[in-house]
Amino acid sequence: AAAAVLSACGKSVPDEPPEIYVSSEGKYVETVSEKLCWNDAVYCSASPYASAGSWLGKEGEPEYFPQGSVFYVELPEDVSVPDMIEISDVLIVSDGGMKNAETAAVNEIAPDIAEDHFTFSLSKHEKPNSYDPSRSLYRCIEITCVWGENECEYTFCVSEKPE
């Protein structure tokens, strides 16, 4: 996990969770956002990794990005960089859906933070001892951003191995 306190430099704290643009290797990565706590209202998430299910229910696999891929997260021009950013990389073992999925391992990632964006890279994940190669491996990336007392989570899923 990483924390940063940066000067807003004339930028504002958002009224609502801002849209973010995530890309790697020139490819846009779709994210799902979820409010955790916003304007004194606390929101309840169904599951810490519930958002990953939206990718695993679609046709095809989530996009494959190899170990070491650098992800670039861009914020809207008028929004300040969050006061705190935490990134978790969760390895999920599945047989095609979230029903029987298992959370195998969690890595915390420290982002590199700039004035209008931040970056992070995928590091190696140890596969669980019980890993069965017939099951699929996914990485659920959760980015928690905090502006003051407002907190939002952005999630996306990538495939751990090429198809």
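Rings of Phe, Tyr and Trp (its six-membered ring) pair if their centres lie within 6.5 Å; planes under 30 degrees apart count as stacked, over 60 as edge-to-face and the rest as tilted. The structure, a predicted model, holds five such aromatic pairs. Local features need pLDDT of at least 70, side-chain atom pairs count only at pLDDT 80 or more, and totals for chains, interfaces and linings use all residues. Side-chain values use heavy atoms, without hydrogens and water, and residues are numbered from 1 along each chain as its sequence is written.

Trp-38 and Trp-147 form an edge-to-face pair, with 6.0 Å centre to centre and 70° between the planes. This pair links distant parts of the chain, 109 residues apart. Trp-38 lies in strand E4 (residues 32-38) and Trp-147 in strand E11 (residues 136-147). Strands (E, at least two residues) are DSSP runs, numbered from the N terminus. Both Trp residues are buried, that is, under 20% relative accessible area (1.4 Å probe, protein chains only).

Strand E12 (residues 150-159) is mostly covered, with nine of its ten residues buried. Strands pair if DSSP finds at least two bridges between them. E4 and E12 run antiparallel and are joined by five bridges. Here Cys-37 stands opposite Glu-151. E11 and E12 are also antiparallel, over ten bridges. Ile-143 faces Tyr-154 of E12. E11 and E12 form a hairpin with two residues between them. Gly-148, in the turn, has a positive phi of about 60°.

One aromatic cluster consists of Phe-65, Phe-71, Phe-120 and Phe-156.

Technical notes. Helices (H or I, at least four residues) and strands (E, at least two) are DSSP runs, numbered from the N terminus. Buried means under 20% relative accessible area, exposed over 50%, partly exposed in between (1.4 Å probe, protein chains only).
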